[in-house]
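Here are a few exercises to work through with the model open beside you. Try each task before reading its solution.

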Amino acid sequence: MKGKLWPLDTPAVMGILNVTPDSFYAESRQQSEAAVAGRIETIIAEGGALVDLGGYSSRPDAADVSAEEEWRRIEPALARLLRDYPDIPVSLDTFRADVARRAVEEYGVAVINDISGGNMDGNMFETVARLNVPYVLMHMRGTPQTMRQHTDYHHLFEDIMLYFAGKIRALRLAGVNDIIVDPGFGFAKTPDQNYELMRYLNEFRAMTECPLLVGISRKRMIYDLLDCTAEESLNGTTALNTFALLNGADMLRVHDVKAAVEAVKITNKLKHG
């Protein structure tokens with residue numbers, strides 16, 4: 001796993017494990033030891049290929065927390081994963097290089113998932129290269145606290161492609177072997193811009209020549225359009241995940257693993273018979 005992506009002939013489902021008190025989807029927040037264990041077991045039982053662990057909420061206007069607090073939140077879950085589920089790959093959702101380093105060196109984390117594309121910690125690319133693990137490169141402008149102020153683009157797709165071209169080049173020069181691209185749905189994009197980006201998924205996949213991760217689970221782009229809540233947006237999430245799978249997505253980051261795994265099975269049948 002380390003330094004090399006596993007085969008993605010079948011798209012992989014990444015189950016979200018949030019150990020935060022303020023993630024946007026309340027049912028995804030797991031803080032007690034029992035709740036964390038239960039969530040891990042659910043992800044595995046429902047067919048998740050890996051667990052995506054996060055200790056820093058990236059919802060709009062989320063409170064900033066220190067690196068020490070982020071580590072305090074994630075370490076018990078890392079310990080539980082390593083002890084009880086050593087064969088399950090873990091992706092760590094962090095923008096901090098030192099948190100990433102400790103998680104890989106001390107607990108064998110397999111993937112670093114950085115919402116900031118290295119912009120919030122200048123040591124991230126060098127650290128990931130040294131750790132020799134796959135890296136999820138996401139597009140975002142600003143920070144979770146300011147990203148709603150940065151939705152002005154000259155040409156949305158072209159601007160984001162230029163961002164990826166520069167970042168991928170920098171990562172390659174740093175020595176990062178495996179890069180996964182995430183367009184960053186909901187991060188410094190309006191709901192309409194998110195749907196515009198969805199229509200370009202095949203182009204992202206082709207032009208970056210990297211595996212493509214899509215994370216739209218229960219997001220505002222869905223529940224605003226359907227005039228419902230995040231809690232009521234599973235059907236819309238599945239519809240968009242199915243579209244993404246039919247248009248080049250290699251990985252889905254989701255709250256509802258079973259529904260996503262079923263979408264993968266159905267779209268694979270449609271594409272391959």
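**Exercise 1.** In which loop is the place of alanine 188? Then work out its backbone angle and its burial.

*Solution.* Keep in mind throughout that this is a predicted model.
Step 1: Find strand β6 (179–182) and helix α6 (191–198); alanine 188 is in the loop between them.
Step 2: Look at the backbone. The phi of alanine 188 is near 60 degrees, which is a positive value in a residue other than glycine.
Step 3: Turn to accessibility. Buried means under 20% relative accessible area. Alanine 188 has 2% relative accessibility, so it counts as buried.

**Exercise 2.** Which residues line the largest cavity? Begin with the search and finish with the classes.

*Solution.* 
Step 1: Rolling a probe the size of a water molecule over the atoms shows where empty space is left.
Step 2: The volume of the largest cavity is about 40 Å³.
Step 3: Its lining is made up of Tyr56, Ser58, Asp93, Thr94, Phe95 and Ile115.
Step 4: Sort that lining by class, and you get three nonpolar, two polar and one charged residues.

**Exercise 3.** Which residues form a nonpolar patch on the surface with Ile266? Follow up by locating isoleucine 266.

*Solution.* 
Step 1: The patch consists of Leu246, Ile266 and Leu270, and together they have about 310 Å² of accessible area.
Step 2: Isoleucine 266 belongs to helix α10, which covers residues 257–272.
Step 3: With 54% relative accessibility, isoleucine 266 counts as exposed.

**Exercise 4.** How many residues apart in sequence are glutamate 68 and valine 99? Compare that with their spacing in the model.

*Solution.* 
Step 1: Start from glutamate 68, which is in helix α2 (residues 67–84).
Step 2: In sequence, glutamate 68 and valine 99 are 31 residues apart, while in space their C-alpha atoms are 8.8 Å apart.
Step 3: Check the accessibility of glutamate 68: at 61% relative accessibility, it counts as exposed.

Conventions: Residues are numbered from 1 along each chain as its sequence is written. This is a predicted model: local features need pLDDT of at least 70, side-chain atom pairs count only at pLDDT 80 or more; totals for chains, interfaces and linings use all residues. Side-chain values use heavy atoms; hydrogens and water are left out. On a 1 Å grid over the protein atoms alone, a cavity is a set of points where a 1.4 Å probe fits but cannot get out, and a pocket is an open set with protein on both sides within 12 Å along at least five of seven lines; lining residues have an atom within 4 Å of a point. Grid points are joined across faces, edges and corners, and a volume is the space filled by probe spheres set on the points. Ala, Val, Leu, Ile, Met, Phe, Trp, Tyr, Cys and Pro count as nonpolar, Asp, Glu, Lys and Arg as charged, and the others, Gly among them, as polar. Patches are made of residues with over 30% relative accessible area and no salt bridge: like charges are joined within 9 Å, nonpolar side chains (Val, Leu, Ile, Met, Phe, Trp, Tyr) within 5 Å. Accessible areas come from the Shrake-Rupley method with a 1.4 Å probe; for residues, only the protein chains shown count as cover. A salt bridge is a side-chain nitrogen of Lys or Arg within 4 Å of a carboxyl oxygen of Asp or Glu. Helices (H or I, at least four residues) and strands (E, at least two) are DSSP runs, numbered from the N terminus. Buried means under 20% relative accessible area, exposed over 50%, partly exposed in between (1.4 Å probe, protein chains only).
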